[in-house]
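User: I'm about to look at this one for the first time. Could you walk me through it while I ask things as they come up?

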Amino acid sequence: MLDLFSEEKDDDYKPTITETELSDDEVLVELKKIKEELKDKVVVLGHHYQQDDVIEFADITGDSLQLAREAAKLDKEYIIFCGVHFMAETADMLTKPSVKVILPDLKAGCSMADMARRSEIDRAWNFITKSTKKKVVPVTYINCAASLKAFVGDNGGSICTSSNAEKVISWALTQGEKLLFFPDQHLGRNTCFKMGILLSDMVIYNPNMLNGGVTAEQIDNAKVILWYGFCSVHQGFTKDQVFAIKKKDPEIQVIVHPECPFDVVQAADDAGSTSYIIEKIEKSAAGSKFAVGTEINLVNRLATQFPDKTIVSLSPYQCLCTTMYRVRPRWLLASFRAIKDNMPINVISVPADIASSSMKALDRMLAIK
Ligand code: SF4
């Protein structure tokens, strides 16, 4: 886990709940009670990829942008954010200073976000800007640490989400001649290709190789420089899975997240953000059939919510986000108990200078229509 900002805790205070103290079922009973008791103080946000036992306790559910927007409107003393660390950081930056944002498990990171460190971005920027005289505009996917959002804010760029990536990239290419997109290569490539940019105008910068594995000439010739990162969940889908499921049932519609590899998105019938996928399934007629290429907790929940439609995972394997899965009801209960004891744990607090630079990038994103 990288660049995670959390407040110092009293090491003597450990409100962990062992399995010998409470069984999984007892945890759920205790959670119901304490949530009711603290309802005036605490609001629970739950990302769509959380497990059902956690979502059951969420007051608001959504994708990362929806939850960040909701967090900004909240006026409770505490937000318990059932998601991963970059989401809790974003919520902390968007909420009033009096609101404390808590991540139930500090190890709930995001493997994609962890693929771009601030020191690596600084080194890449140095190489890229020395390699070309053309203006490069940095855009980061919201799935990154606050220190990267701050980099983008300080260098004239913007943040994007999977819902608005096309608009933000179009804006960036009016601000300069080249785009540096991080950390997810697939969202960058899929979006740029959809906008008409040729694959041959894109290069990959791999931070694990000398000078990113590219020459200064390649940087100078490219329109888009894609960071090497990817989501370990969405990277697992394959075009062969699309062909296999279509062969079995030609009527099934394959819809995937744009964090999936390029050939999967090209083979699918449709691609879009988590909110787009949910909306498309919600609005479809009874009897519709979907094979969905995204995280399994969301796919299973949609299948339960819409029993009149066929909704299956595109992959025969469990496409589970293991970092999201770290947030267990047991840790949610521990967070509630700590609040009750006035000893909140796992409070995410982004330093003021990082928050202020990041907000420049967030504000630019919100201003892009
Ligand atoms: S699904 Fe992928 S991008 Fe989303 S939190 Fe998990 S690892 Fe990160």
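User: Let's start with the ligand: how many residues surround it, and which are the closest?
Analyst: Keeping in mind that this is a predicted model, 13 residues surround the ligand, and the closest are Cys 110, Met 112, Cys 231, Val 233 and Cys 321.

User: And what's that shell like by class?
Analyst: The shell around the ligand divides into eight nonpolar, four polar and one charged residues.

User: Cys 110 is in that list; which residues does Val 84 contact, leaving aside its neighbours within four places in sequence?
Analyst: With those sequence neighbours set aside, Val 84 is in contact with Ala 108, Gly 109 and Cys 110, and also with Thr 323 and Met 324. Val 84 itself lies in the loop between strand S3 (78-82) and helix H4 (85-94), and its C-alpha atom is 5.0 Å from that of Ala 108, although the two residues are 24 apart in sequence.

User: Is Val 84 buried or exposed?
Analyst: Val 84 is buried, because 28 other C-beta atoms lie within 10 Å, where 20 or more are needed for that label.

User: Stepping back, how is the protein divided into domains?
Analyst: There are domain 1 (24-110 + 323-351), domain 2 (113-230) and domain 3 (234-313). Taken over C-alpha atoms, the centres of domain 2 and domain 3 are separated by 28 Å, and their contact takes 11 residues from domain 2 and 13 residues from domain 3.

User: What classes of residue does domain 2 put on the side that touches domain 3?
Analyst: On that side, domain 2 has three nonpolar, six polar and two charged residues.

User: Switching to helices: how do H1 and H14 pack?
Analyst: Helix H1 (residues 24-37) and helix H14 (residues 329-340) pack at an angle of about 35°, with 10 Å between their axes, and the crossing is left-handed.

User: Which residues make that contact?
Analyst: H1 contributes Val 27, Leu 28, Glu 30, Leu 31, Ile 34 and Lys 35, while H14 contributes Pro 329, Arg 330, Leu 332, Leu 333, Phe 336, Arg 337 and Lys 340. By class, the contact of H1 with H14 has eight nonpolar, no polar and five charged residues.

User: What about H13, which of its residues are buried?
Analyst: In helix H13 (residues 296-305), the buried residues are Asn 297, Leu 298, Val 299, Arg 301 and Leu 302. These buried residues of H13 pack against helix H2 (52-55), helix H12 (274-283), strand S12 (289-293) and strand S13 (310-313).

User: Now the backbone: where is the cis peptide bond?
Analyst: A cis peptide bond joins Phe 182 and Pro 183, with omega about -5°, and Pro 183 is placed in the loop between strand S7 (178-182) and helix H8 (185-194).

User: And what is phi of Asn 211 and of Asn 342?
Analyst: Phi is near 50° for Asn 211, a positive value in a residue other than glycine, and near 55° for Asn 342, again a positive value in a residue other than glycine. Asn 211 sits in the loop between strand S8 (202-205) and helix H9 (216-221), whereas Asn 342 is found in the loop between H14 and strand S14 (347-348).

User: Why does Asn 342 count as exposed?
Analyst: Asn 342 counts as exposed because it has 6 C-beta neighbours inside 10 Å, and the label applies at 12 or fewer. Asn 211, with 16 other C-beta atoms within 10 Å, is partly exposed.

Key: Residues numbered from 1 in each chain as written. Predicted model: local features only at pLDDT ≥ 70, side-chain atom pairs only at ≥ 80, totals over all residues. Domains from an automatic or database assignment. Contact = placed C-beta atoms within 7 Å. Nonpolar A, V, L, I, M, F, W, Y, C, P; charged D, E, K, R; others polar. Axes fitted to C-alpha atoms, helices over the stretch in contact; angles between N-to-C directions. Helix = DSSP H or I, 4+ residues; strand = E, 2+ residues; numbered from the N terminus. Left-handed = near helix turned anticlockwise from the far one by under 90°. Near = placed C-beta within 6 Å.
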